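Please keep the sequence and the model in view while reading.

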Amino acid sequence: MKATVGLLLLLLTVYCCAAAPEALDETAPGECCFHFFTERIPVKNIVSVTKTHSSCLEKAFVIHTAKGRRFCVGHSVTWAQDAFNKEQSSD
């Protein structure tokens with residue numbers, strides 16, 4: 001019985017670890033956006049761009065700046081899409 005429980009735990013761990021890389025492109029569900037920044041952020045100030053989690057009500061990008069600030073920008077904002085796509089293509 002102990003061997004079966006151990007095997008089940010091992011399989012569960014492997015399953016969770018195999019599923020994790022897909023989630024790395026999105027932020028945690030706790031980082032949904034409710035207020036949106038409406039101005040443009042200069043590209044030179046952007047450190048990273050991530051998408052909000054798929055379970056969030058509003059699709060958005062979370063912009064991380066060189067000063068350590070985070071801004072939510074609407075998913076349909078062209079400059080944010082371009083910054084996200086540029087970051088994805090450089091990986």
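A disulfide is here a pair of cysteine sulfur atoms within 2.5 Å. The model is a predicted one, and by this rule it holds two disulfides.

One of these links is formed by Cys33 and Cys72, with an S to S distance of 2.1 Å. The link of Cys33 and Cys72 is left-handed, with -75° about the S-S bond. Because Cys33 lies in the loop between α1 and β1 while Cys72 belongs to strand β3, the pair ties together parts that are 39 residues apart in sequence. Both Cys33 and Cys72 are buried.

Cys32 and Cys56 also form a disulfide, and their sulfur atoms are 2.0 Å apart. With -85° about the S-S bond, the link of Cys32 and Cys56 is left-handed. Cys32 is found in the loop between α1 (2-23) and β1, and Cys56 in the loop between β1 and β2, so this pair ties together parts that are 24 residues apart in sequence. Cys32 and Cys56 are buried. With bonded cysteines counted along the chain, the disulfides follow the pattern 1-3, 2-4.

In soluble globular proteins, nonpolar side chains tend to be buried together. The largest nonpolar core in this model has eleven residues, among them Ile41, Ile46, Ile63, Trp79 and Ala83. Two or more residues of this core come from each of β1 (46-51), β2 (60-65), β3 (70-74) and α2 (78-90). The most is given by α2, with four residues. Leaving aside residues up to four places away in sequence, Ile46 touches Ile41, Ile63, His64, Trp79 and Ala83.

Note on methods
Residues numbered from 1 in each chain as written. Predicted model: local features only at pLDDT ≥ 70, side-chain atom pairs only at ≥ 80, totals over all residues. Heavy atoms only, no water. Core = buried A, V, L, I, M, F, W, Y, C linked by side-chain atoms within 4.5 Å. Buried < 20%, exposed > 50% of the residue type's maximum accessible area, 1.4 Å probe, protein only. Contact = heavy atoms within 4.5 Å.
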